[in-house]
Amino acid sequence: MWKTILRRVLIMIPQLILLSILVFILAKMMPGDPFTGLITPQTDPAQIAHLKAAAGLNDPWWTQYFHWVVNMFHGDLGQSYTYKRAVTGLIGERAVNTFWLALLTVVISYGIAIPFGVIAGRYEDTLRDKSIQLYTFVLLAMPSFVFYLFGLVVFGYVLQWFPTSGYVSLNADPGTIGYWGSRLYHMILPALVGGLVSTSGTIQYLRAGVIDNTNEDFVRTARSKGVPERVVFNRHILRNSLLPIAAFLGNSITGLLGGSIYVETIFSYQGMGQLFVSSITANDYSVITALTLLFGFLTLLGNLLSDIIMSIVDPRVRVE
Amino acid sequence: MALIEIRNLKIHYPIRSGFWNRVTDHVLAVDGVNFDIEEGETYGLIGESGSGKSTIGKAIVGLEPVTSGQIIYKGKDITKAKNRKALQYNKDVQMIFQDSLSSLNPRKRIEDIIAEPIRNFQRLSATEERKRVQELLDIVGMPSDALYKYPHEFSGGQRQRIGVARAVATNPKLIVADEPVSALDLSVQAQVLNFMKRIQEQYNISYLFISHDLGVVKHMCRAMAIMHRGRFVEIGTREDIYTDPKHIYTKRLLAAIPEVKPGDRDAHVAHRKAIEKEFTEEENRYYDKNGRVYDLQRVSDTHQAALPELADGGEA
Amino acid sequence: MDKPEDLLLDIQHLHTAFRVGDDFYDAVDDVSLTLKRDEILAIVGESGSGKSTLATSIIGLHNPMNTKVTGDILYSDLNLVGLNEPIYNRLRGNDIGMIFQDPLAALNPLMRIGDQIAETLLYHTKMTKEERDKRVLELLGQVGIPNPERTFRQYPHELSGGMRQRVVIAIAIACKPPIIIADEPTTALDVTIQAQILDLLRQIQSETHSGIILITHDLGVVAETADRVAVMYAGQIVEKGSVKDVFEHPTHPYTRSLLRSMPQADSDDDELHVIQGVVPSLKNMQIEGCRFAERIPWIPDSAHEAKPTMHEVGPDHFVQCTCYKSFHFEDEPAPTAEQIAAAPDKPAVETAVGGAGVTDDSED
Amino acid sequence: GSKSNSSSSSSSSTKQQTFPLATTNKKAAVKGATLNIAVVDDSPFKGVFNEELYDDAYDADFMTPAAESLFGTTSGFKFNDKGAASIKFDNDKKTATIEIKKNVKWSDGKPVTAKDIEYAYEIVANKDTSTSRYTGSLQNIEGLSEYHDGKSKTISGVEMPDGADGQKVILHFKQMKPGFTQSGNGYFLESAAPYHYLKSVPFKKLASSDQVRKSPLFFGPYVMSKIVPGQSVAYTANKYYWKGEPKTKKLTASVVSTSSIVSGLKNKKYDIAMEMPTDNYSSYKNVKGYKILGKEDLSYTYIGFHVGKWDAKKGVNVMDKNAKMNNKSLRQAMSYALNLDEINNKFYPGLRSTGTTLIPPVFKEFHDSSLKGYPLNIKKANKLLDDAGYKKGKDGYRTDPNGKKLTIRFASMAGGDSATAIAQDYIQQWKKIGLRVKLTSGRLLEFQNFYDKIQNDTNDYDVFQAAWSLSSEPSPADLFSEQAPYNFSRFVSKKHNKLIADIDSEASLNADHRKKAFYAWQKWMMDQDYVEPVQYRTNVTPVSNRVKNFTIQWGSSPWNEVELTAKD
Amino acid sequence: MTMAKEDTPTTDTQVPETAIAASPSAFRVIVREFLKDKGAIVALVIAILIIAAALIVGTMNSGELTTNVNVLDRYMAPGVNGHILGTDEGGRDIFRYLFVAARNSIGIGVSVAILIEFIGIVLGTISGYFGGMVDNVIMRIVDFWMVLPSMLLIIVLVTIVPHYDGFKLVMIMTAFSWMTTTRLVRSQVLSQGRRDYVYASKTSGTSNFKIMFAGVLPNISSIIITDLTLTIASSIGLESGLAFLGFGLPNSTPSLGTLIGYATNPEVTIDRWWVWLPAALVLLGLSLSINFVGQALKRAADSRQRRG
Ligand SMILES: Nc1ncnc2c1ncn2[C@@H]1O[C@H](COP(=O)(O)OP(=O)(O)OP(=O)(O)O)[C@@H](O)[C@H]1O
Ligand SMILES: Nc1ncnc2c1ncn2[C@@H]1O[C@H](COP(=O)(O)OP(=O)(O)OP(=O)(O)O)[C@@H](O)[C@H]1O
Ligand SMILES: [Mg+2]
Ligand SMILES: [Mg+2]
């Protein structure tokens, strides 16, 4: 298995290189540069031209790309022009926020989806199943941002149960329980909505899995052994139905990252998604390229993770 | 003169493995096989699952790229796609498949299914074509309203006969029948086998009849080959094989067939046990170090077997 | 004479109906059968004749939503029809073992072989983990798996078809159940492997003295393996008796036709016998009268019974419907009236309960 | 007529409401309450808390309670002596003398010294800090560019007569400017940097250092005691503050998104809301428990007519005689066609007024209120065009005087929903006078994209709308002179050169002369109409009723006086 | 010998269910499925109504009358001044605007979906049918494309392209969404392509091209139709999302997302609900009904078919 993983990792390298070139060229194609906006009657265009040159923005793209890659290997993704600090540090800070939010979202999502999926599958075609199905349809039908917006307005503005922006309150001191409590408090609403929104896929997979597996021969074998129904369900039907879900776990990272753009923008939560949108408007190349690359990398990692999980949970996939 | 000659046919599939997922080994699906099919004859091919029977069949109709060796038809090596095209090879060589349902396109009417080879190989007018299809349906004993139906509206036996109709549509010289009756019930199997025989007599078709059911092969074929591990272990006439098997594998295969005579049961079981014992003891002698079947040796005019003694140059 | 305690199963007038649309249709229609200790009872018939349905009814695995089972399946003093689930569950695996056709599908792909076998023991014995594992290894050895320790830890996909089928057999016999049902255990296998598995079944039977119901459509397998045979057609049993009787003196037109259409008959170049028509589908099955009649149209209607019943044509050899008396193949001359009249027929008293009327058939 | 100095501020029918500049709360103050500031922004703050390095206005907002300007100013932006330091100019010696008051201390208790003032220049001028604040105007200080280029280790024009620890700094200029007395003139810095605190940080690392981002040091009333990056800052009173310790001990400031600020105000979460958006003014203008303070902003929005390009080599604007917009009648007609009053009234009731000249009325001294701009007059617009030979075709659109199809391309910046509606409105208005106007790129341009075009004179726009935010020194030279790269219209005229030079001439060191020069320039600009002022803005700051002694008056620094009259 | 007369069709039980679904009567099966499923019929009717209304009314109103601003009518409440659903920021009549927006959203969604299906069918069929090297190359490209952070790149591209319009948006969205369909088609063709009827066609001398597109494709058509409906719904959603984030089409091409995007402003969200709520409801109704129809189709296509 290690060999397979290593091979997958090696395959990632050319993918990453391609991705980096693509990302870099795209970022370069964006109109203007980070210094374009720095105009007040007081600023000196000559100084700005000078800054541009110093940042290497006048070099041909391949030179810039080369420098960028070389620096990247030294852990230096460049400076954010708008934040005036190293991109690595900036993203690092945001990534932590995104990570916690994503983690909570995943936990909530599966926490809801698994029981729902199991109920829907086990009691196929009953009222329970139909209600759950309707729920997933509504979720699927609306773009996720509408739900985020709805959650924000109802629970943030109208009911005021949760904070409507930020990731921690000012008076919480890092390291204290209160600090983590405050962070959690800031994450609950986005994570809850995000979790609910992302349940539909899991529910449908699980439902289908349970229904299909119930009719499998090996379930009949288990019954013929006299295994009690409860055990038949848990050990034989459910475990096999959870396979695709487990495998999807890694890939769900990808979905969450894409979704973070909406969540973080709507909830003014300082994560990578929000950073990306604001960097786009500010043309902060170094941040845009780094983030896009990072997202790509995480997607790859998600795929890899899925494969690894799959090979752990499914003996048929275990090769070599 | 033989209708078709298979010379040292080899079909190997690469096995990819290892770190770079490179080809590390090959499945020797077919590994050096020689035989001829005579005009109007049925040639049987028997062997256990995975022994390479279907692969040979597909190679002969040109569905499987060949690793090496030749298949000679009308003096040309048809393992090359170019030659097949030039000869309109598939007009003369057709195939009947095991799974009657999957071999008929579920979205097509029977008419279109049967007419497909006609349209490709013979330019007929619409009415001529319709007439020909009708005629073919008659030949396989199907009512003419079948024309406008779809495959799923027929039973397994009927579908298999439609498959036969398609195969004979272009008046082929050879039909490769890959387990044509394995999926059928006894009563239906009888129908299909009867049809195949009748058509053979009428049109002087040759069959390569692939099966793992020795009863059926015995019923259908005068000449046959026993396959094991991608190679022939024994070829000969029906009498050679059934009454005088030489290779241990042939003997084992024959002994494994259940007899419908309950009275002889104990004797038969005892015989099988004995052969089985012989097989475990003698296996090494009948296969080389790599488990490969030896080359065929002539036993009689019609009979050849892959016997070890002769391969060693020793005496029979 | 059979001792009553030799009787394992007594199936009386069993009907199993499936829901198709809004109606129920009998896939098993008024079947009566007995299974005794120490015997292999074969059930043969073409596809769709209701063999599997019968077997599944015995072990009670039909989905109660879509299936109606009526009649009696008596096992010692229990009637399995309508038995409550907890009790049934205690019987499954412990008293009735089942072997399925497709050994790959029948095994849970995510569980180790050892655990799958041990699972049976877990719910029917009080063995400790160690004892169970030991028993599993023993079982693996018993079904002829060359390296039990290794196989114990393997997953189904790592085994060959023959090995898998052995595992499925090991599961079925783990608790030494008196009744074993094997539904086409060899159809997916090569002849050589089939022979091994059949030998194994017989060997197990002689070791455990259980009664085995062997379902197959291969007449050869029946002839080689079974003691008694029941021939099924369209949900009904049309002929039953000892293997020897049925094969050497086939009586029912269906049995006779089947045997005649086998290519193995040494008459080599001849055409094979063909039975006209097709097996009716579930919906078309519900015909009063002899269901085989439409496939032998040259036999006059008068030869069939209006409500076919079992007729005893020899010791413990039963045939359904009177048409067997006047049956002849199309290429044969019809039997004369005297021949018909002389055809064996005893009023069938085949109820085994209480042992009445059951004659000896201890030939083999 | 530049003679009148009438009190009617604007002739147009749009009225900017007059807002109070200070709170009027008279209740007794309470102790121990925390004052909460909201800084309305949709993205996290950047966190460059250094007056020499920050670029972002929001960073400045967060700095205000802590960082105090070196000099005091009047409400008219004139320097006075009320600040931490005083400044005196000597026109003959071409110097300015800065003297720090005795008790001015950094919040760590160390005194503010001459070196700290000098160090601010080093930070700005050093190449390694790469700050955009190093400007041409600053280079008017002797030796600054030499220092920048590394030719000199020190800045010769920044003299510390009493030594580094002294309290006096003398700046030596190459040339004296009329704008010197006006704060925000850009010729010298108005801040100091804590040398003792920053000296250990290399210039290159300064902007990202903890000394700037985590615990910056200022001499203003408050100390930034805790910073949650991008989100909020907590302040405590600076006990070393030179005017005495502030009355309110604790402050917080947080970024609040435009979408949540109104509900935040309704729930009284904040005491002061800075950078309040104006498009949704109506949703909070009556919010309970708040008083809305407001003042005219140092900015205006304008429409520019693109008539040439910037020659970067020569450093001059070059006008293209044949440019589409190089027709006064066309420009004036387009200006007359706009329903600016309607827009300003409907979109920003009371917060915007239609622009009339290029010096907004916030510069009371220089703004010529007699000029009326181009009030809506379709008839006049049509006539102008008819007379100039722009003939209407059958399709209702005019051709150019040569009879060729005329399509005018309008570049406008994206900015909320109203920007879209307004641009659309302009186009409709122009259609009314038969002009076919299309949006450059077919959509509103994002900020970067917009300025990328405007700065580089890409040939895909003829008219653009932009805005300037001004410093408190209103000289138009940087924005409109022949040498100004920011003269985005690229118009050049001898007459104009003269007019603009006069504003910053030696003669204008005389205030009255300067005022006249401003008036003359405004008049000429209005008539030529290369740049059409569109609107003046008012900024509003909601302040909760429990706040006492707070003012937004230009030149006042209320932070040490602010008090709260109710507990949280 | 006896010639059996077998005109009675056999037992339907012998025919696996998939075969029925894949058979030519699939259309009838679909109709039957629909007739049985009242929800699906309602959904279909709603979807058709919305689409028809959007197309007809939307096209009638697509001119300047709808997109022109009218400053004086800014933010009028429903009913005021004859504006049935009130007006927006620019004084545009929401009721009319809504139809145009729906028409544009549907237009974009459908165009993207059709393009995706086209690419998916061509590439997927070629890849699955030929296998080997061709498949390898295509699948590696798909793999690479799949790991691209599509949302981010779409946003970047949207900000880059000059003269951004509906056509370009469709292209950009397509460029990042064709992969799943390609995979789906490929896997289907792969399983179909290994069926004997393909071999039979080959031995009958039919060209690969014809086998692929005339032989195999009809057998997966129901799956493609299903995928098409689901892709339409998701494309409309994606377009709205972009518009919401501010990367949508210019105002001259309003979409449902543009209208819903107004809701970012909480003042609008609560006090001027008429600007965005109708659009959100139309979007909900539309996607929900399309999804419902898609799911019903899916069930009809193959009860065992699952995504992935
Ligand atoms: N495309 C392929 N790639 C790799 N191996 C293959 C391929 N096709 C067949 N094989 C292998 O070649 C061998 C021969 O297969 P073949 O189908 O000819 O056997 P067969 O005798 O027809 O068996 P059966 O009785 O099961 O049909 C098998 O081991 C099979 O696994
Ligand atoms: N769950 C079910 N619902 C409806 N009909 C069924 C069901 N199971 C079986 N049938 C039908 O009942 C009849 C008997 O089926 P059964 O599977 O018992 O036949 P079989 O003899 O085992 O056939 P085979 O040899 O093909 O296994 C067939 O017509 C079959 O289609
Ligand atoms: Mg084969
Ligand atoms: Mg069965």
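Modeller: Contact means heavy atoms within 4.5 Å. The model is predicted: local features need pLDDT of at least 70 and side-chain atom pairs pLDDT 80 or more, while totals for chains, interfaces and linings use all residues. Residues count from 1 along each chain as its sequence is written, chains are lettered from A and ligands numbered from 1 in written order, and side-chain values use heavy atoms, without hydrogens or water.

Biologist: How far apart are the nearest C-alpha atoms of chain C and chain D?

Modeller: Those two chains, C and D, don't touch. Chain B and chain D don't touch either, with their nearest C-alpha atoms 45 Å apart. For chain C and chain D, the nearest C-alpha atoms are separated by 49 Å.

Biologist: Which pair of chains shares the most contacts?

Modeller: Eight pairs of chains are in contact. The one sharing the most contacts is chains A and D.

Biologist: How many residues make up the largest nonpolar core?

Modeller: A nonpolar core is a set of buried Ala, Val, Leu, Ile, Met, Phe, Trp, Tyr and Cys residues joined through side-chain atoms within 4.5 Å; buried means under 20% relative accessible area (1.4 Å probe, protein chains only). In the largest one, the residues with the most contacts inside it are I261(D), Y426(D), W430(D), L435(D) and F480(D). The total for this core is 219 residues.

Biologist: What is I261(D) in contact with, leaving aside its neighbours within four places in sequence?

Modeller: Part of the list is A38(D) and V40(D).

Biologist: How many residues are in the second, separate core?

Modeller: Look in chain C, where L80(C), A118(C), V143(C) and I169(C) are included in it. This second core has 104 residues.

Biologist: Where does ligand 2 lie?

Modeller: There are 13 residues around it (a heavy atom within 4 Å), and S47(C), G48(C), K51(C), S52(C) and T53(C) come nearest. As for the chains, ligand 2 lies between C and E.

Biologist: Over which residues of chain E is the pLDDT below 50?

Modeller: pLDDT is the predictor's confidence in each residue, from 0 to 100. Chain E averages 79, and 85% of its residues score at least 70. Values stay below 50 over residues 1-24 and residues 303-308.

Biologist: What ipTM does the model score?

Modeller: Its pTM is 0.83. The ipTM is 0.82.

Note on methods
Buried means under 20% relative accessible area, exposed over 50%, partly exposed in between (1.4 Å probe, protein chains only).
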